[in-house]
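Me: I'd like to learn how to read charged side-chain pairs in a model. Can you walk me through it?

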Amino acid sequence: RKGTLNIEVKLPFSDDMQKSIVDSGLDDMGYDRQWGVYRLRLTKKDITDKKELLKDLLSKSYQNSR
């Protein structure tokens, strides 16, 4: 547990987004429909290897919140 970071990315559910998360190999803890967030568990390796996907998710979340 000390080697991971849990994040929640607030975005509306979409099959395309879910597919890209699963296909990337990220540890997907599921979509929480009540709060509208994708729950992810990241390791240091995930953060370095999947940087572009994470940037895209966080950018879309930021744009969605505006």
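Reply: A salt bridge here is a side-chain nitrogen of Lys or Arg within 4 Å of a carboxyl oxygen of Asp or Glu. Side chains of opposite charge can pair when their charged atoms come close. Lys-50 and Asp-46 make such a salt bridge, at 3.4 Å from N to O. One caution: this is a predicted model, where local features need pLDDT of at least 70 and side-chain atom pairs count only at pLDDT 80 or more, while totals for chains, interfaces and linings use all residues. Side-chain values use heavy atoms, leaving out hydrogens and water, and residues are numbered from 1 along each chain as its sequence is written.

Me: How many salt bridges does the rule give?

Reply: Seven.

Me: Are Lys-50 and Asp-46 buried or exposed?

Reply: Both are buried. Buried means under 20% relative accessible area, exposed means over 50%, and partly exposed is in between (1.4 Å probe, protein chains only).

Me: Which residue does Lys-45 pair with?

Reply: Asp-49, with the closest N and O atoms 2.6 Å apart. Helices (H or I, at least four residues) and strands (E, at least two) are DSSP runs, numbered from the N terminus. Lys-45 is exposed at 56%, whereas Asp-49 is partly exposed at 48%.

Me: And what about Asp-27 and Arg-41?

Reply: Their side chains form a salt bridge of 2.9 Å, N to O. That pair links distant parts of the chain, with Asp-27 in strand 2 (residues 27-32) and Arg-41 in strand 3 (residues 37-43), 14 residues apart. Asp-27 is partly exposed at 33%, and Arg-41 is partly exposed at 30%.
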